[in-house]
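Dear colleague,

Please find the structure below, together with its sequence. My notes on the helix packing follow it.

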Amino acid sequence: MSYRIGSGVDFHQLVIGKELWIGGVLIPHHKGADGHSDADVLLHAICDALLGALALGDIGFHFPNTDEKFKNIRSILLLEHCYQLITKSGYTVVNVDSTLCLENPKIKEYVPMMQLAISQSLKVTVKDVSVKATTTETMGFAGIKSLSSSLSVYPTLAPRLLKVSPQLRPEPFSVVPLWK
Ligand SMILES: [Zn+2]
């Protein structure tokens, strides 16, 4: 069985006048994430992880921020599109593990909702989606508490993708020994 693993990282700045969407959930906060779409840092990283697992490029390639049709788009739609791409390649998601890195707001109470939103988009169970959170201990651009204008997130994701259809399996690699 051929498993594949991808990883994704994303960053957005927190600014006044924007909504804060993380993991498909609207989080009440006095600042929101700035970006061309809804700037959902967690979903963007998961998109990149899905694409990366199959070497399908990255989120900027599939959804360029110069394209008006993606302006203010809900990133859950981007995630669902990425999921379609991987299913077209014969894969499905086994699990997602992610880590958010931000000082404020605290997101613990929203994690179950994030897990639900992500699991529904990726056709897995809630227990297949892990959302962890950490801070930078006030260090660096994610850590200036009083500013709280920058949000940085390092969701390191490992969606394991499992071949579902035997017909879609690629030909096995023919390994030619170097000594021949
Ligand atoms: Zn992003």
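H3 and H4 cross in a right-handed sense (the near helix is turned clockwise from the far one by less than a right angle). The model is predicted: local features need pLDDT of at least 70, side-chain atom pairs count only at pLDDT 80 or more, and totals for chains, interfaces and linings use all residues. Residues are numbered from 1 along each chain as its sequence is written.

The axes of H3 and H4 (residues 111–122) come within 9 Å and cross at roughly 35°; axes are lines fitted to C-alpha atoms over the stretch in contact, with angles from 0 to 180 degrees between N-to-C directions. Helices are DSSP runs of H or I with at least four residues, numbered from the N terminus. From H3, Ile76, Leu79, Glu80 and Tyr83 meet Ala117, Ser121 and Leu122 of H4 (contact: C-beta atoms, placed from the backbone, within 7 Å).

H3 (residues 75–88) also packs with H1 (residues 41–53), their axes coming within 9 Å and crossing at roughly 10°. The two helices are therefore roughly parallel (angles under 35 degrees). On the H1 side, the contact includes Leu43, His44 and Ile46, and on the H3 side Ser75, Ile76 and Leu78.

H1 itself is mostly covered, with twelve of its 13 residues buried (20 or more other C-beta atoms within 10 Å of the residue's own, C-beta atoms being placed from the backbone). Among them are Val41, Asp48 and Ala53. After H1 comes alanine 55, which has a positive phi, near 55°.

Yours sincerely

Definitions and conventions. Parallel < 35°, antiparallel > 145°, perpendicular 65-115°, else oblique. Contact = placed C-beta atoms within 7 Å.
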